[in-house]
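Thanks for making the time this morning. I would like to walk you through a few local details, so please keep the sequence and the structure in view while I talk.

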Amino acid sequence: MSHKTVTLPHHALRQGHWPQGAAGARPSRAAGARPQRGERKSGGRKSRAEARASRRAEILHPEETVTLSEEREAADIEDVFTSLDNQLVGLVPVKRKVEEIASLLLVDRVRHRFGLDAPRPNLHMCFTGDPGTGKTTVALQMADLLFRLGYLEKGHLVHAMRDDLVGEFIGHTAPKTKRTLERAMGGVLFIDEAYYLYRAGDSKDYGQECIDILLQVMENDRDKLVVILAGYKDRMDVFFESNPGMSSRIAHHLDFAPYKLDELVAIGRAMLDRSSYYLSAEAEVAFRDYLTLRMAQPRFANARSVRNELERSRLRHAHRLAAEPERSRTRDDLMRLEAVDILASPLFALAEPVRAVGEAAPRR
């Protein structure tokens, strides 16, 4: 099945929702809202991009001093880290790595103000981990961070997969790859399941042509584009072994560990809170039981699986209330998920025979 290339603006994540309608469509802003990138503020004041460019053009005297806290405030990046903490539970090593990258770029900005220039750092990355561990979320925030620090012209993110890059016949791959790269210029190209670009042993596969184009652009246009490859760690390791040129162009590797049970419960609470729902005490116990069972099942997708089950629980909750249409309901009734809304999941029925077999098995 073909996947469309989706352009995701950074502000969608900070506002806590995904773009609706056409890919990358920006919602209209209310009066008084912050100007978007490249827009001039009212009253003729400089836009943030113009102010940043003017600031970089000023070379400081060698005896002047600056503080990194002032530079960090001038770059307006604090809310990126706040958003990361609010959006993502756990992932401490990943957040630390993002902080380290930001620190390097911040120091480079200050050095530039003193006329101390150095080659632009390589910012291409690889995100490895299971589905639903926050890779796309961090990529969005990274695009925003790099824009604010002046390392990306636009700071948008283009999400792509193999079908967006690799053609099915001779002469088809290069145009597809170049079109996707053109859309991503000035921002981040996020290639999910990147190991599917290369199919070893398939003489009729055109993935290598795509990889060759990517390698060239990643080297020659690295001041205009950041490429983030993502996928399962073991498969990405094989991909890099087969494509050493690609491995040498990746500067930063971030590994997204699977979430633990308590982290998944916390993620569920946060998801419900954003929708004005909550779990009763009994429902939270049932939800923990559900997750314990689900984590052992195939195709478990961490936060995605949490979201999917909570959406199904909301359906059961609504159906339960609608089954008694004449009964008066309070505001709390409309917010509270009960244990029955969780326990109605078919997973519990499927798990019972397994438990029975386990209990009947002779102990050694």
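Let me begin with M125, which stands opposite I228 in β5. Before I go further, please keep in mind that this is a predicted model, in which local features need pLDDT of at least 70 and side-chain atom pairs count only at pLDDT 80 or more, while totals for chains, interfaces and linings use all residues. Residues are numbered from 1 along each chain as its sequence is written, and side-chain values use heavy atoms, with hydrogens and water left out.

M125 belongs to strand β2, which covers residues 125-129; helices here are DSSP runs of H or I with at least four residues, strands are runs of E with at least two, and both are numbered from the N terminus.

How many of the residues of β2 are buried? The count is 5 of 5, where buried means under 20% relative accessible area, exposed means over 50%, and partly exposed lies in between, with a 1.4 Å probe and protein chains only. In a regular strand the side chains alternate between the two faces of the sheet. In β2, M125, F127 and G129 lie on one side and C126 and T128 on the other, and both faces are covered.

Let me turn to a helix. L291 is found in α13, residues 281-294, and is buried, with a relative accessible area of 0%. Leaving aside neighbours within four places in sequence, L291 is in contact, meaning heavy atoms within 4.5 Å, with L261, L264, V265 and V306. The C-alpha atoms of L291 and E309 are separated by 9.3 Å, these two residues being 18 residues apart along the chain.

Finally, the backbone of two loop residues. D76, in the loop between α3 (68-75) and α4 (78-87), has a positive phi of about 60° although it is not a glycine. S276, which sits in the loop between α12 (261-274) and β7 (278-279), likewise is a residue other than glycine with a positive phi, near 60°. Which of the terms buried, partly exposed or exposed applies to S276? S276 is partly exposed, at a relative accessible area of 44%, whereas D76 is buried, at 19%.

Key:
Pairing = 2+ DSSP bridges.
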